[in-house]
Every structure is written in C-alpha cells, then in structure tokens.
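The structure is shown first.

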Amino acid sequence: MIPPKPPARQGRGSVWRFIRDFRRDILSAQSDRLYRAWMAEFRGPFIHSFTCNDPALVELILKKRPMDFPKSPRMAAGLQPLLGNSSFISNGETWLHQRRIIDPAFEGGRLREAFPAMWDAAQAGVARLAPLADGAEIDIEPQTSHAAADVIFRTLFSIPIEDATAAQVFQAFREHQDAQPMVNLGGLMALPRWARLHTRQVRETARRIRGLIRQLVATRAAEIQAGTAPPDLATKIMTTPDPQTGRRFSETEMIDEVATFFLAGHETGASALAWALYLLAESPEWQDRLAEEAHRNLAPDFAAIRTLPLARAVFREALRLYPPVAMTVRQCRRAESLRGRKAPRGAQLVLSPWHLHRHERLWENPDAFDPARWETGNGKACQRDAFIPFSAGPRACPGAGFAMIEGPLILSALVRAYRLAPGAERPVPIMRLTLRGKNGIRLRLRPRQMGI
C-alpha cells in the first residue's frame, strides 16, 4: 500500500488561484510536474521563483555557494514574531556569529552526554501512552509532540516537561502551531515588515512563549553566575563566546535561539516520529521486525544506538517520505544563470525536500515505504545526492545528529512496548509549521508481549 500523499495540482493554474491554494495547503498547490522536473520557473505579480530539484543546483545553493543564496526574508516573515532574528532565519555576519556560538554545543561528546536525558524522555513517553493503549483510536501527534518536547527540555534545561514552566511553553507552542499560517501573505508579497500583518493569536502566543523562555533563560543566567548551573546545552551555549569577537549571546539572542531549538527540535522531531509510527502501523511486517530488534538490543547505553540499524532505516525513510520542513526558500543575492535560465537578483529559489525525496527520475519506487532501500545502490546514491531532511552545507541543522539518535531511540521504545494499527481514516499530509496530518494521525495501540 502506498503511504498517504496529497493530490498535486494538474496542469496550469492562475496566479491568484495559486496564492489562494498556497495559503490553504502548499503541497497540493504545487504542480504534479515537480515530481519529474529538474527545475520549474514561476512568475507572478509579487514573486519570481525557481523550484530547484536538480541535485547539482541543490549542491550549488546549499554547499558550494551558500552565502550567495541567503535565506529568503519573505518565507521567514511568518516566523519573526516567535523567532526574532535567530539563526534559523538570519543571514550574513549575524548568522555566522550565531553559528560560531551554537555549533560547539552540538559537537563530539555532546550526543553521549545528552543520551541519558533522551532515554528518560523515551521511557516517560512509553509510560504516558499506557492508559491509551486499549485499542481505541487516538491522535498520535500530540503524544509524539509531548515526547519530543520532553527531550528538548531535558537536554536544554535539565528539566522534564512536567516542570510548570516547561508545560506552559509546550501548551503555548501547540496553540501557536494552530494559529500560525504557513505563509504570511505580507511576506510573500514583499511588503515592509511593519505591513506584514499577523493575527492577534499569533502575536499573543509568540509573546507568551517568549516570556516563558525569558524566565528560563534568566534563571539559568543566575545559576551560571552562582556556579550552580548544570552542564547542559543551555549552559554550554550561554557561556560560549564567539571565538572571533569574544561576545556572548544577549538575553534576547538566547531567547531567539531557544525558541528556534524548540521549533526545529520539537516540532520537526514530533512530526517525523508520528509519521514513522503511522508507516509502521500500515506495515506490520516491518513493525514486527523493528520490535524484535528493540527487544534484543534496546538498552540505556549510548553504544546500543549502533545496534538499532532497522530503527534508523525506518526513521530515515519517514524523513524521506514526510520531511518535517517540506520546503525552504533561498534567494539570489545577484543575477544568476540556473540551467541556462536567467534568475534576477532577489529571485526566490525553492528547495523542496518533499519533491526531491519523491523525485521520479532519482528514486526507485519513490512513493513506497521501503526501509531496505538505504542498503541498495540507488538508495545510497540518493542519500548522498537527493536527501536533505536537515538541509545541507553550512546551514544544515546543527541538531541533525541529535535527531538521528532521539528519533530511532523513541521509535524503538514505543514499538517494543506497543503494537500499532492504523485508524479508520488515513491521514492527509499538510504543511503547517511542520508537515502534519490535516486532521491528525490516528492510530490504535495495544500492549505488545515479548515476541508477539
């Protein structure tokens, strides 16, 4: 059975229909030709864009000349109330300064140091699902959001999600996700920042989240001053100076980055985990194989991660079919020639993991769920050239390594504990802040006995 995939737009459409559909659902607004095209040009009254699926173009934009193709402020417009000018949306020297401070926190032994917090969050997630594992349908997305948020709070601030402030941040993020349209029309039309209208709920939830994060940051700053701060990610980032300027993050800069970590780490991780569970629910043979692997090898030891290759393959396949950040946009700093076409300065360059990961001229059987593909010649080549769930190059997500530990770990813990079956209705993928089910992702869970 082919996993759920929204219908694409057939043929040509008007600019106004495209903008209307774009705001409703970006995926189904896209032409079906993007699953075969190397590049597609779109001209409208407010935008001139190129969707780039050619792996050579993706490499040029993300790896070879990333500073010539900065993040587009148009697509970042909707995130500014929440993220300020964080490393997720900044460019140039500001972005370089931010990454010089952030990147060391995710290097080397930090994964090993963070593993116990991830393990505890995974076990807490298993326990939270126990009362719901009676065979009745549940929406698994809130549950994976809860688990991913727990990982963020434990690794970043050494507190479980049951902490009062952490719980309030989590609830406010859920409300912000519901209120936030994927595309801010003022940003899409390149209006000045003051003219980019945000709904009252978007502004209010963003203000509430940032206020709660400010409390956490202020508390940690006091602990650092007193010499009592735990050696977690927040402490590492707040005490690391920019090696070139010696400057540390200000309070506002740290709030921007914590909001980004929560969005990039919690929302994306929750999305990928929910889709992975659904894919396994529809594929009982793969599910049983993963459960057997988890029963045999899962342990509270960082070295055990190496013994979970199937969990990693399943999670990677979920990231391929349902990339949490399904599209990202760069822009041309100057006029360029792309596959023989002229792209003017300011042209928008759409990089779409959704289409690249399902491209019919690159992948064998691209719409199928097949964790074994990663051991094939085609899968290995495409993983290198056409797989960008965490972006690529200097702007690749600094937490990619964390995600590839956290995701398979939680996935293994849940499948070892519970047998999954799909709900009555298949989910419909839709882009919000991340790729989610339009009406949730519904599953039925029952306790799994050893070997059954």
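F106 has a relative accessible area of 16% in this predicted model, and because buried means under 20%, F106 counts as buried. F402 is also buried, at 8% relative accessibility.

A search of the whole structure finds 10 aromatic pairs. One of them joins F106 and F402 in an edge-to-face arrangement. F106 belongs to the loop between α6 (92-102) and α7 (110-129), whereas F402 belongs to helix α18 (residues 400-417), so the pair ties together parts that are 296 residues apart in sequence. Another edge-to-face pair is formed by W363 and W374. Both W363 and W374 lie in the loop between α16 (353-356) and α17 (377-385), 11 residues apart. W363 and W374 are buried. The geometry of these two pairs is tabulated below.

| Pair | Centre to centre | Angle between planes |
|---|---|---|
| F106 and F402 | 5.3 Å | 70° |
| W363 and W374 | 5.8 Å | 80° |

F106 and F402 also form one aromatic cluster together with F261.

The ring of W374 has the charged end of R316 over it, 5.6 Å from the ring centre. In the case of Y322, the charged end of R358 sits over the ring, 5.4 Å from its centre.

In soluble globular proteins, nonpolar side chains tend to be buried together. The largest nonpolar core here holds 136 residues, of which I140, L277, L280, L411 and L445 touch the most other members. Helix α13 (residues 251-281) gives the most to this core, with 17 residues. Apart from its neighbours within four places in sequence, L411 is in contact with L273, A276, L277, L280, L290, A311, V314 and F315.

Helix α8 covers residues 140-157.

The N-terminal end is capped by D139, with a side-chain oxygen 3.1 Å from the backbone nitrogen of E141. Just after α8, S158 takes a positive phi of about 60°.

Conventions
Residues are numbered from 1 along each chain as its sequence is written. Side-chain values use heavy atoms; hydrogens and water are left out. Helices (H or I, at least four residues) and strands (E, at least two) are DSSP runs, numbered from the N terminus. The expected span of a helix is 1.5 Å times one less than its number of residues. A polar contact is a pair of N or O atoms within 3.5 Å; within protein, one must be able to donate a hydrogen and the other to accept it, and residues adjacent in sequence count only if both atoms are side-chain atoms. A nonpolar core is a set of buried Ala, Val, Leu, Ile, Met, Phe, Trp, Tyr and Cys residues joined through side-chain atoms within 4.5 Å. Buried means under 20% relative accessible area, exposed over 50%, partly exposed in between (1.4 Å probe, protein chains only). Contact means heavy atoms within 4.5 Å. Rings of Phe, Tyr and Trp (its six-membered ring) pair if their centres lie within 6.5 Å; planes under 30 degrees apart count as stacked, over 60 as edge-to-face and the rest as tilted. A charge sits over a ring if NZ of Lys or CZ of Arg is within 6 Å of the ring centre and within 35 degrees of the ring normal.
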